2 protein chains.
Amino acid sequence: MATIKDVAKLAGVALSTASYALNDNPRISEATKQRVLDAAKALNYQKNGFASDLKRTKTNTIALILSDLSGPYYSDLIRGVQDVCTSNGYDFIACSSIGGDQSTAIKFLKEKRVDGAIILAHNISDETCISYARKDFPLVVLDRKLQHDFIYHVEVDNVHGGYIAANHLIEKGHKDIAYISGPTNSFDNKQRFKGYQQALREHELVHQSKWNFVGNFTKEGGYRATKLLVAQRNLPTAIFFANDEMAIGGVRALQEQKYNVPRDISIIGFDDIELSEYLPPGLTTIKQPKYEAGALSVHLIFQVLAGGDVDNYYRLSTEFIERNSVKKLASKNE
Amino acid sequence: MATIKDVAKLAGVALSTASYALNDNPRISEATKQRVLDAAKALNYQKNGFASDLKRTKTNTIALILSDLSGPYYSDLIRGVQDVCTSNGYDFIACSSIGGDQSTAIKFLKEKRVDGAIILAHNISDETCISYARKDFPLVVLDRKLQHDFIYHVEVDNVHGGYIAANHLIEKGHKDIAYISGPTNSFDNKQRFKGYQQALREHELVHQSKWNFVGNFTKEGGYRATKLLVAQRNLPTAIFFANDEMAIGGVRALQEQKYNVPRDISIIGFDDIELSEYLPPGLTTIKQPKYEAGALSVHLIFQVLAGGDVDNYYRLSTEFIERNSVKKLASKNE
DNA sequence: CTGTTAGCGCATTCAC
DNA sequence: GTGAATGCGCTAACAG
């Protein structure tokens with residue numbers, strides 16, 4: 001592997017001249033620059049990124065840390081992050097936090113291999129986040145609330161989203177509404193549940209614990225939870241799945257028992273993943289501004305890096321997406 | 001940010017002693033090692049990854065380069081790569097190649113910021129791959145065929161997969177089989193189509209071009225292609241979607257026209273993405289060994305890096321997954 | 001405009 | 001065991 005030294009030698013210039021030429025510094029004449037470039041090409045020279053980063057003590061890249069790189073949910077988030085990074089000339093990498101505090105993701109955090117990071121990974125502890133955030137290393141968290149000067153929060157209004165969802169069901173005449181929840185320790189899940197309860201309370205409905213199952217935010221979990229729900233007979237008229245993935249599993253369970261959605265039972269989801277539109281009969285859901293969340297997060301990092309004074313806390317609003325999975329109940333016996 | 005120098009000073013030892021202690025070199029006594037470790041903790045010392053990599057001229061990380069980080073298809077592949085990396089003490093990052101040859105992914109390749117890479121990204125040119133592969137920088141490609149000593153190939157047997165799919169349909173009595181294709185320049189798509197044609201030929205069936213639509217491997221594309229197919233009346237009895245994502249869109253299009261799968265029309269997909277099981281009525285499909293492909297890829301990289309002599313070419317076989325989207329045609333008028 | 005030089009932070013000889 | 005010294009490849013100040 002050729003180094004800049006070789007290039008300089010071949011071009012017959014000083015090492016620094018080669019460096020300047022390669023970095024497009026105006027102090028170098030066109031002629032010599034060209035000579036250096038030619039030499040570089042001839043030697044198939046590629047700069048060593050580490051050496052360069054080491055010297056400049058900045059990496060020009062942002063990391064997005066996800067607990068699982070492959071969830072459908074992340075698609076838009078990634079795009080948002082990526083777009084803003086790219087348009088600011090920054091690079092972007094995604095790291096999985098599988099392995100928790102031992103993972104590659106953490107290595108990147110603690111060894112400062114990136115200039116800033118966005119975290120949406122339940123298996124990374126709060127302490128870890130707190131211990132690595134610094135002035136020149138801002139962190140944006142999407143899934144928790146932390147007290148730290150250089151940790152920034154971007155969250156979507158999950159409480160309100162949960163409220164809208166439950167409220168919609170109620171307005172359609174539903175009174176018996178089950179809640180299939182995400183992991184009980186999930187911040188997002190708690191918020192959605194809070195909104196759900198609030199809507200119920202406002203309509204003087206009570207949440208029955210027999211209609212509360214944990215589905216862990218996965219298809220499989222949603223499937224199992226729904227099966228349990230069905231098994232205990234005495235079905236509710238509607239189910240609120242705390243995310244769309246669980247709703248997908250739920251629809252399958254329902255279908256296996258020959259229940260038709262929405263004829264026999266109404267369902268509503270949360271997230272509006274790409275697939276919800278395609279899930280028969282079209283899943284009514286609450287849309288999260290995922291792209292915006294990603295874009296805003298990077299934006300904040302850049303501002304902090306640029307020395308700007310930025311707020312630590314942002315909340316994005318959700319949007320109601322009506323499709324065909326909720327039926328209006330005819331008789332509202334009030 | 002504390003450096004190793006600070007740690008040495010606080011511990012009252014030489015810089016090298018601190019380095020040895022931190023790296024667990026046996027020449028250091030337990031006592032001094034402990035002192036160094038304490039100092040490091042006290043200063044919240046974290047080594048600078050770049051400096052370390054620079055010195056050791058290896059990064060201990062493997063990159064997976066994907067054209068889109070978020071497809072459902074990639075989930076298993078990522079797990080495969082990740083598992084093998086982790087169990088070999090390597091780190092792993094995923095890069096998107098959005099931006100093609102200007103992307104972050106390419107930066108990592110050319111600046112040698114990783115020790116090896118796995119590529120599944122149609123928007124990276126063959127030339128790029130060829131120009132960066134070297135003995136100490138092996139590349140594994142999953143989506144093309146290249147002639148280079150240090151480029152390794154892992155492919156799944158798409159031809160056979162296509163053959164199995166079409167054959168299954170034929171055995172169930174279908175003779176009029178549409179093919180919804182991926183991007184026409186896709187290597188995988190071509191292979192699948194070849195298998196499909198082969199099965200048809202063996203049964204003396206002819207592929208009718210009016211039943212061939214391009215769906216570009218996306219849900220949306222599958223939806224549109226299927227709509228076109230339906231619009232031209234005179235429906236085939238079965239559709240072979242060149243991947244599951246398109247089948248998802250297809251089911252939606254069919255459903256909108258009140259066609260029931262499989263009662264009115266049979267469909268079969270390709271890939272066996274996680275969702276296929278959940279897509280009513282359960283999508284019959286061809287499973288790709290994605291996890292295995294990822295695992296094998298990393299494995300190869302490690303072998304090359306270790307100086308082993310490895311073959312350049314591997315082919316993994318596909319598996320037929322029967323669910324409920326194909327109906328047996330009663331009358332086989334032969 | 002060009003060349004010399006001093007590190008970036010760390011790992012690693014090689015004497016002691 | 002320890003510590004001084006060297007250099008990984010590059011950038012950027014500084015002096016010419």
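How many Å separate the centres of domain 1 of chain A and domain 3 of chain A, taken over C-alpha atoms?

1. The two centres lie 64 Å apart, taken over C-alpha atoms. Chain A is divided into domain 1 (4-42), domain 2 (61-157 + 290-317) and domain 3 (158-288), with bounds that come from an automatic or database domain assignment.

2. A note on the basis of these values: this is a predicted model, in which local features need pLDDT of at least 70 and side-chain atom pairs count only at pLDDT 80 or more, while totals for chains, interfaces and linings use all residues. Residues are numbered from 1 along each chain as its sequence is written, chains are lettered from A in the order in which they are written, and side-chain values use heavy atoms, with hydrogens and water left out.

3. In the interface, 48 residues of chain A are in contact with 48 residues of chain B, where contact means heavy atoms within 4.5 Å. Because 100% of the interface residues of chain A are also interface residues in chain B, the copies meet through the same surface.

4. Between them, chain A and chain B bury about 4,500 Å², of which 58% is on carbon and sulfur atoms; buried area is the accessible area (1.4 Å probe) that two parts lose on being put together, summed over both. A:Phe50, A:Lys219 and A:Tyr278 supply 16% of the area that chain A buries against chain B, more than any other three residues.

5. The rule finds eight salt bridges across the interface of chain A and chain B, a salt bridge being a side-chain nitrogen of Lys or Arg within 4 Å of a carboxyl oxygen of Asp or Glu. The side chains of B:Lys107 and A:Asp91 meet in a salt bridge, at 2.5 Å from N to O. Several elements, including α4 (49-56), β2 (91-96) and α10 (219-231) of chain A, each give two or more residues to the side of chain A that touches chain B; helices (H or I, at least four residues) and strands (E, at least two) are DSSP runs, numbered from the N terminus. The largest share of that side, six residues, comes from β2(A).

6. Over all chains, the count by this rule comes to 42 salt bridges. Within chain A, the side chains of A:Glu30 and A:Lys33 meet in a salt bridge at 3.7 Å, N to O, and both residues lie in helix α3 (residues 30-43) of chain A, three residues apart, about one turn of the helix.

7. Some backbone features deserve a look in the loops. A cis peptide bond joins B:Val261 and B:Pro262, with omega about 5 degrees, and B:Pro262 has its place in the loop between α11 (244-256) and β9 (266-268) of chain B. A cis peptide bond also joins B:Pro280 and B:Pro281, with omega about 0 degrees, and B:Pro281 is found in the loop between β9 and β10 (285-287) of chain B. In chain A, A:Asn60 has a phi near 60 degrees, a positive value in a residue other than glycine, and A:Asn60 sits in the loop between α4 and β1 (61-66).
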